[in-house]
Amino acid sequence: MKPSRAHVTACRRCGAPICWTLTTARGRRQPVDAEPTETGNLAVTQGADGLLYVRSLTKVHPEPRPSEWRAMPHHATCSSPPPRRSNRTGERARTGVRPVPWQSGRP
Ligand SMILES: [Zn+2]
């Protein structure tokens, strides 16, 4: 299967086609690549409510069901991923570019 066009949107960062899904485990939103891929470690399916749901493929159940397709998490392929905090020394300098808190202008 493939995601229907209604689910495909563009990544705000790199413009690649992605689908927003909900994780079956926690109900969190997760972007996945819109194009199914054999090497993806996720199984995506469209629920009865029309939303896309994603689960991780495991060693016990490595194959997607017929109603699912394999997808790659977009985090893994995004060419312009969001900056990570404190994953390296030296990134602390970014703290200075934070916008002024909005509360500061209040009476
Ligand atoms: Zn992207």
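Student: Hi! I'm starting with T23. Which residue in strand 5 does T23 stand opposite?

Tutor: Hello! T23 stands opposite V54 in strand 5. Keep in mind that this model is predicted.

Student: Okay, and which strand does T23 lie in?

Tutor: T23 is part of strand 2. That strand is joined to strand 5, residues 52-56, by 2 bridges, and the two run parallel.

Student: What else does T23 touch?

Tutor: Leaving out residues up to four places away in sequence, T23 touches R28, Q30 and V54. There is also R55: the C-alpha atoms of T23 and R55 are separated by 5.9 Å, and these residues are 32 apart along the chain.

Student: Why does T23 count as partly exposed?

Tutor: Because T23 has 14 C-beta neighbours inside 10 Å. A residue needs 20 or more to be buried, and 12 or fewer to be exposed.

Student: Got it. Back to strand 2: how does strand 2 run relative to strand 3, parallel or antiparallel?

Tutor: Antiparallel, with 5 bridges joining strand 2 to strand 3. As an example to find on screen, W20 stands opposite P31 in strand 3.

Student: And what's in the hairpin of strand 2 and strand 3?

Tutor: There are 5 residues between the strands, and G27 takes a positive phi near 70°.

Student: Is strand 3 mostly covered or mostly open?

Tutor: Mostly covered: 4 of the 5 residues in strand 3, which spans 29-33, are buried.

Student: Let me zoom out. How many helices and strands does the protein have?

Tutor: The protein has 1 helix and 6 strands. Starting at the N terminus, the order is β-β-β-β-β-β-α.

Student: What percentage of the residues count as buried?

Tutor: Of the 107 residues, 16% count as buried.

Student: Which residues make up the largest nonpolar core?

Tutor: There are 10 of them: I18, C19, V32, A34, L42, A43, V44, V54, W69 and A71. Strand 2 (17-23), strand 4 (42-46) and strand 6 (69-71) are the elements that give two or more residues to this core.

Student: Which strand gives the most to this core?

Tutor: Strand 4, with 3 residues.

Student: Let's pick V44 then. What does V44 touch?

Tutor: Not counting residues up to four places away in sequence, V44 touches P3, T21, V32, L52, V54, E68, W69 and A71.

Student: How do strand 4 and strand 5 pair?

Tutor: They pair in the antiparallel sense, over 5 bridges. Look for A43, which stands opposite R55 in strand 5. Strand 4 and strand 5 also form a hairpin with 5 residues between them, where G50 in the turn has a positive phi of about 90°.

Student: New topic: where does P81 lie?

Tutor: P81 lies in the segment after helix 1, and that helix covers 74-77.

Student: What is P81 in contact with?

Tutor: Setting aside neighbours within four places in sequence, P81 is in contact with R13 and H75. P81 and C14 are 8.0 Å apart, C-alpha to C-alpha, and 67 residues apart in sequence.

Student: And why is P81 partly exposed?

Tutor: P81 is partly exposed because there are 13 other C-beta atoms within 10 Å.

Student: Last one! What share of the contacts join residues at least 24 apart?

Tutor: Among contacts between residues at least 6 apart in sequence, 57% join residues at least 24 apart.

Note on methods:
Residues numbered from 1 in each chain as written. Predicted model: local features only at pLDDT ≥ 70, side-chain atom pairs only at ≥ 80, totals over all residues. Core = buried A, V, L, I, M, F, W, Y, C linked by C-beta atoms within 7 Å. Contact = placed C-beta atoms within 7 Å. Pairing = 2+ DSSP bridges.
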